[in-house]
Amino acid sequence: MTTHHPQSMRAYLAMAEEAGGLTRIAERVDPVHEIAAWLSLLDGRGPVVFENVAGHAMAVTGNHLTTRAQAARALSVETDRLQARLVDSVQSPLAPRVVAGDAPCQEVVVPDPDLAALPVPTFFEHETGPYITAGAIVAKDTVTGRGNLSIARLKPLGGNRAFIGIAPNHHLAVLARAAQGRGERLEIAVTLGNHPAVMLAACFYLGLGDDEREVAGALCGEPLEVVTGKSVDLAVPAHCEIVLEGVLDPGETVEEGPVSEFHGMYERYGDGYVVTFSHMTRREDAVFQCVLPGYAGEHILLGAEAIAAGLKRSLQRALPSVREVAVTAGGAGRLHAVVSLDGAREGAARRAMFAVWAAVSLVKQVTVVEGDVDPWDPVAVEHAVATRMRPERDLIVVPGVQADRAEPLEKDGVVGKLGIDATTSAADRPDWTPARPPDAVLAKVRERIARRRQGRRAESSTDS
């Protein structure tokens, strides 16, 4: 059996295949809309590999992290420990380790690359072209030397040029404008085909100057192995599949047209910057990775997990009673948050709401529940709202708050915010004891059920 480096995308795909969670599509697929259709209809089932892409020899893969269970398995933790692992990685980062010589991602070097040679999917009907959506982009502040890792969409413009979609406050845009002010152009390296740890780390909302590659190392449990680019002075993940090396020029802009957003509709952001690539390096048998954009499982999860972990880290400084924070799929992985509190004092729920809104401008609705409610379980949260919330007392509406540009209901730059306090109150009823069998009996029967399942699995294994 082939052994893959544990920091490679290939190791994750091999693990998924061994567990029966990988789908291989052998039939011929068109990169124009068909890959997107397959990924949409297989959303939530695990990674997909397209082995026969029309017009290209290179395979395409997507849907790597569409559920929390998949993300947890990728990081070798139980699902209920996923957020703790993410928070710990930010608090205990590991500096990257530079490897000598050529790395797997540099087996082939292509000067002046034509992006049309890559099997870049065209995803949606009204977008104006194909998009590179899984690019974890490395950049560096040349003054401080501190690195940056982030994800942004790129639309090929012909030849070696691409539009890059980044908001004005995105750290990549800040670094580009700072470089322009010094009379420089910002070097970047777009890395494709990364391990899930790299993808998750790239989505964190860290401070400018905090290097997400160090978080990726902590998520891997060892320093991230990196190699210096062939034409840029940047250290890229050594075990990725493809690297596009170039410069981002904020002095050149181009109109993007309609683009899909996380909420599932199109946005029109206007002009964006242009990137020119001088080199492409790749594995000999490179596999092109994509993330299905729009309101899709992986796009939602990557943002939701990173935002939720960042909120947990931020809130627990002011509110030690914070147990966990969820950013929900129903809220498009950006707009709705649920905060669970253990033994919160009077007024803690409202304090939590305003702390969330202050920390992440995109979050529009905050629901606060108690520690006995799993914030990631939408039924449990709705049940808490149904049984513990008095609308006349526990709904907080804050009108006219400055909105993020991606907010689907933004009008004149503002949107309202909604807080829901779904915690218990002794003023409502003195007894909140749940009706259920005794804990000792539940534990005993739980063990019996587990033994029955193990027996059935053993029988199934013997029969096969």
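Predicted model: local features only at pLDDT ≥ 70, side-chain atom pairs only at ≥ 80, totals over all residues.

Colleague: Which residue does Glu-305 form a salt bridge with?

Modeller: The partner is Arg-68, and the closest N and O atoms of the two are 2.6 Å apart. Arg-68 belongs to helix α3 (residues 68-74) and Glu-305 to helix α8 (residues 297-318), so the pair ties together parts that are 237 residues apart in sequence.

Colleague: And Arg-68, is that buried or exposed?

Modeller: Arg-68 counts as buried, because its relative accessibility is 17% and the cut-off for buried is under 20%.

Colleague: How many salt bridges does the whole structure have?

Modeller: A search of the whole structure finds 22 salt bridges. Among them is one between Arg-323 and Asp-342, with the closest N and O atoms 3.5 Å apart. That pair links distant parts of the chain, since Arg-323 sits in strand β18 (residues 322-327) and Asp-342 in the loop between β19 (336-341) and α9 (348-359), 19 residues apart.

Colleague: How accessible is Arg-323, and how accessible is Asp-342?

Modeller: Arg-323 counts as partly exposed at 46% relative accessibility, and Asp-342 counts as partly exposed at 37%.

Colleague: What does Asp-439 form a salt bridge with?

Modeller: Asp-439 forms a salt bridge with Arg-436, and here the closest N and O atoms are 3.2 Å apart. Arg-436 is exposed, with a relative accessible area of 55%.

Colleague: Which residues are linked in a network of salt bridges?

Modeller: Such a network links Arg-390, Glu-392, Arg-393, Asp-394 and Asp-428.

Colleague: Staying with charge, which residues form the positive surface patch?

Modeller: The positive surface patch is made by Arg-452, Arg-453, Arg-456 and Arg-457.

Colleague: Let's switch to strands. Why is β9 largely enclosed by the rest of the structure?

Modeller: Strand β9 (residues 161-165) has four of its five residues buried, so it is largely enclosed by the rest of the structure.

Colleague: Which strands does β9 run antiparallel to?

Modeller: Strand β8 (residues 153-158) is joined to β9 by five bridges, and the two run antiparallel; within that pairing, Arg-153 stands opposite Gly-165 in β9. Strand β16 (residues 271-282) is joined to β9 by four bridges, again with the strands antiparallel, and there Arg-161 stands opposite Thr-276 in β16.

Colleague: What sits between β8 and β9?

Modeller: The two strands form a hairpin with two residues between them, and Gly-159 in the turn has a positive phi of about 65 degrees.

Colleague: Which residues have a positive phi although they are not glycine?

Modeller: Ser-76 is one of them, with a positive phi of about 60 degrees, and Ala-332 is another, with a positive phi of about 65 degrees. For context, most residues other than glycine have a negative phi.

Colleague: Where are Ser-76 and Ala-332 placed?

Modeller: Ser-76 lies in the loop between α3 and α4 (82-91), where it is exposed with a relative accessible area of 66%. Ala-332, by contrast, lies in the loop between β18 and β19, and is buried with a relative accessible area of 5%.

Colleague: One more sheet, please: in what order do the strands of the open sheet with β11 come?

Modeller: Three strands form that open sheet in the order β4-β11-β12, and the pairing is mixed. The edge strands are β4 (97-98) and β12 (235-237), each of which pairs on one side only. Strand β11 (residues 225-228) and β12 pair in the antiparallel sense over three bridges, and Val-227 stands opposite Val-236 in β12.

Colleague: Last one, how far apart are Ala-197 and Ala-344?

Modeller: They are 147 residues apart in sequence and 33 Å apart in space, C-alpha to C-alpha. Ala-197 lies in helix α6 (residues 196-202), and at 0% relative accessibility Ala-197 counts as buried.

Conventions:
Residues numbered from 1 in each chain as written. Heavy atoms only, no water. Patch = residues over 30% accessible without salt bridge, like charges linked within 9 Å, V, L, I, M, F, W, Y side chains within 5 Å. Areas by Shrake-Rupley, 256 points an atom, 1.4 Å probe, with all protein chains shown as cover. Salt bridge = Lys/Arg side-chain N within 4 Å of Asp/Glu carboxyl O. Lys, Arg positive; Asp, Glu negative; His and termini not counted. Charge placed at Lys NZ, Arg CZ, Asp CG, Glu CD. Buried < 20%, exposed > 50% of the residue type's maximum accessible area, 1.4 Å probe, protein only. Pairing = 2+ DSSP bridges.
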